[in-house]
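Me: Hi! I have a model open and would like to talk it through with you. Could you take a look?

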Amino acid sequence: MNTPAKSPTLRVLLVEDSLALRQSLGALFESRGHQIDFAADGRSGLALALSEPPDVLVLDLGLPGMDGLRVCQALREQADRHIPILMLTARDQVEDKLAGFTAGADDYLVKPFAAEELMARCLALSQRHRVGNAYRLQIGSLCIDRRSGIASRAGQALDLQGIPLKILRMLAESWPRAVTRSELLRELWPDEVPASDPLRSHLYLLRQALDRPFEKPMLRTVHGIGFALDERA
Ligand code: CA
């Protein structure tokens, strides 16, 4: 399961009320051979995403009528498959970003952003959901088989069980975005978070298994946010 040498052609749906952004992003994606469709409001964007599911949905948070969060929620409830969603948010809307992930977005970009960055994220998202099959996750040299529960890196099985393995799966399923500490705590200890710092020892075990035998670490601390996987490692 190696990364294809050539970038795949994407079908992107951009739901964005700014005409200028629709035009500039449309020109860029088309110049690279990708197909891009547009909607200028949430309701028509949702309808279009449901009738013709794109490889990636780029969804603005602030939209007239039905906002991005509600589109995201409705899509997760109504679509018959997982459509990768990249949310566009204004600067300083950290709270909204986190709410966006709860509503089911896969990644986000803060405006203003570089169009090239958006394209790279779209490719990464589509690849993450396209590579292999439903039970196999591949991120760079890391592979997780959801059925057997076995994680391997560069072909070597990793000695991981229990909570450290769960953390790795959460990171892999959220890649390329970072997972916050509170997301991890909520998921791992839904009833009651243990006292002191329960993540510390589990992250240590995860690093020992995932990174110690290799030259470059995959597990990255994103300052002030949480943790993410680096697929280039
Ligand atoms: Ca907007």
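What follows is a chat about the metal site, the cores and some strands.

Reply: Happy to. This is a predicted model, where local features need pLDDT of at least 70, side-chain atom pairs count only at pLDDT 80 or more, and totals for chains, interfaces and linings use all residues. Residues are numbered from 1 along each chain as its sequence is written, and side-chain values use heavy atoms, with hydrogens and water left out.

Me: Which residues coordinate the calcium ion?

Reply: Asp17 (OD), Asp60 (OD) and Gly62 (O) do, at 2.1 to 2.4 Å. Donors here are N, O and S atoms within 2.8 Å of the metal (3.2 Å for Na, K and Ca), and water is not among the atoms, so the site may look incomplete. In sequence the donor residues follow the spacing D-x42-D-x1-G.

Me: Is aspartate 60 buried or exposed?

Reply: Aspartate 60 counts as buried because its relative accessibility is 5%. Glycine 62, at 46%, counts as partly exposed. The cut-offs are under 20% relative accessible area for buried, over 50% for exposed and in between for partly exposed (1.4 Å probe, protein chains only).

Me: OK, new topic. How many residues are in the largest nonpolar core?

Reply: That core has 29 residues, and Leu168, Leu210 and Leu229 have the most contacts inside it. A nonpolar core is a set of buried Ala, Val, Leu, Ile, Met, Phe, Trp, Tyr and Cys residues joined through side-chain atoms within 4.5 Å.

Me: Which element gives the most to this core?

Reply: α6 does, with six residues. Helices (H or I, at least four residues) and strands (E, at least two) are DSSP runs, numbered from the N terminus.

Me: And what is leucine 168 in contact with?

Reply: Leaving aside neighbours within four places in sequence, leucine 168 is in contact with Leu142, Ile144, Ala151, Leu158, Leu160, Leu206, Leu210 and Leu229. Contact means heavy atoms within 4.5 Å. Apart from this core lies another, of 23 residues, with Leu13, Leu46, Leu57 and Leu61 among them.

Me: Now the strands. In what sense do β11 and β12 pair?

Reply: Antiparallel, over four bridges, with β11 covering residues 219–222. Strands pair if DSSP finds at least two bridges between them. Threonine 221 has phenylalanine 227 in β12 as its bridge partner.

Me: What about β10?

Reply: β10 (residues 179–180) also pairs with β12 in the antiparallel sense, over two bridges. There, glycine 226 in β12 is the bridge partner of threonine 180.

Me: Last one: which residue takes a positive phi in the hairpin of β11 and β12?

Reply: Glycine 224, near 75 degrees; the hairpin has three residues between the strands.
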